[in-house]
Amino acid sequence: MSERLELQTESTSNTGFAPGWYTIAASKEVGSKPKPFLLNGLPIVTFRDSSGQSVALLDRCAHRNAPLSAGRIIDGNIQCHYHGWQFDGAGSCKAVPGLCGEPDHAARRVPSFACRDSQGWVWVYSEADVQPDSEPYEIPFADHPGYFTVRERLEMPGPLDAVAENALDVPHTAFVHAGLFRKNKDRQQIEVVIRALDGGAEAQFIGEQRPEGLAGRILAPQGGEVFHWDRFLLPCIAQVEYRLSDRNHIIATTALTPRTPTVTDLFATVAVRVPIPNAILRAVVKPLAMRILRQDMEILRRQTEQVARFGGEQFASTEIDVLGLRIKKLLREASSGRGSTAQEERRIKMLV
Ligand code: FES
Ligand SMILES: [Fe+2]
């Protein structure tokens, strides 16, 4: 074997939780009923206020701590199921049934989270009662003219960093997705440029020919060189971008939301521009994307179970694991409030 192997071992699995905007639901899922979710183990409830704006509160009534999500929405306020207290989208107490006096009192407030509808998804800022100085990530080319956009959400087994690594990992495709992308024979050598981004990291793959698998043949029947980037952006974006000639462009953006230490919600937006009619794309892209995601889900489930059986991660890596350890490092740094200690650009060779 002529390749130089750089072995690194990593025994810690706790990357912490990076503050920021996280996707929590599809916009159409949030309506006139309270919708509960977990953000890094924290119960939060989302609903629409009287103006139709999506809002998010801690899912704990200020009175006796019943889950607000068990209640209902009345005129844009959430009413607790236990004694009927009502809270508006900012968490202020608007009604205490039976109380002769003003319900709105600071001690009766429920913490609220900044919440936005953006590009078909509802996003929540992870810290309560703050006005974030940023907005949710803008997904490139979603619903852009000329692009066919598919959205899908799935519950993935595994911590955020494992799900992000899987989404951006080339070496598993010949095995987990055998026949769909690359094959484990007739490999070609390509160059990978790994670079730090502002709050993230990117791997650019240079010199790869259109993969021979089913996905490549459908999306680029004429073949040719593939321009391919994999990116991770704090706190939760994993993005795969392919360009083949001027006409074909595929960009799959997944927003990853840690529900618990071993379950991550995945919200995928796939924007496709290929010279194929939308009716055919509709019949092909979603089933294909779901097949790929289910294969990933199955290997992530097995990996997560095995890590748990052995009481934690004990990973060995080589240089072709281009983004996994960087994702862990970025998350660790962001969760502890440190800025990124970005490395220089690196170039490696890989057989794909
Ligand atoms: S616990 Fe919610 S009103 Fe009493
Ligand atoms: Fe995969």
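Which handedness does the crossing of H1 and H5 have? The crossing is right-handed. The model is predicted.

## H1 against H5

Helix H1 covers residues 160–167, and helix H5 covers residues 324–335. Their axes come within 9 Å. The crossing angle is roughly 145 degrees.

On the H1 side, the contact uses Asp161, Ala164 and Glu165. These meet Gly324, Ile327, Lys328 and Leu331 in H5. By class, the contact of H1 with H5 holds three nonpolar, one polar and three charged residues.

## H1 against H4

Helix H4 spans residues 278–309. H1 packs with H4 at an angle of about 140 degrees, and the two axes are 11 Å apart. Because of that angle, H1 is oblique to H4. The crossing of H1 and H4 is right-handed.

Ala162, Val163 and Asn166 are the H1 residues in this contact. Their partners in H4 are Asp296, Leu300 and Gln303. The contact of H1 with H4 divides into three nonpolar, two polar and one charged residue.

## Burial of H1

How many of the eight residues of H1 are buried? Eight of the eight are, so H1 is largely enclosed by the rest of the structure. The buried residues are Leu160, Asp161, Ala162, Val163, Ala164, Glu165, Asn166 and Ala167.

Among them are the residues that meet H5, namely Asp161, Ala164 and Glu165.

## H4 along its length

H4 has 32 residues. From its first C-alpha to its last it reaches 46 Å, close to the 46 Å expected at 1.5 Å a residue. Glycine 311 follows H4. The phi of glycine 311 is positive, near 75 degrees.

Which residues of H4 are buried? They are Val285, Asp296, Leu300 and Thr304.

## Isoleucine 206 in E15

Isoleucine 206 lies in strand E15, residues 200–209. Is isoleucine 206 buried or partly exposed? It counts as partly exposed, because it has 13 C-beta neighbours inside 10 Å.

Leaving aside residues up to four places away in sequence, isoleucine 206 touches Ile190, Glu191 and Val193. Tryptophan 229 is 23 residues from isoleucine 206 in sequence. In space, the two are 9.1 Å apart, C-alpha to C-alpha.

Notes
Residues numbered from 1 in each chain as written. Chains lettered and ligands numbered in written order. Predicted model: local features only at pLDDT ≥ 70, side-chain atom pairs only at ≥ 80, totals over all residues. Axes fitted to C-alpha atoms, helices over the stretch in contact; angles between N-to-C directions. Helix = DSSP H or I, 4+ residues; strand = E, 2+ residues; numbered from the N terminus. Left-handed = near helix turned anticlockwise from the far one by under 90°. Contact = placed C-beta atoms within 7 Å. Nonpolar A, V, L, I, M, F, W, Y, C, P; charged D, E, K, R; others polar. Parallel < 35°, antiparallel > 145°, perpendicular 65-115°, else oblique. Expected span 1.5 Å × (residues − 1). Buried ≥ 20, exposed ≤ 12 C-beta atoms within 10 Å, placed from the backbone.
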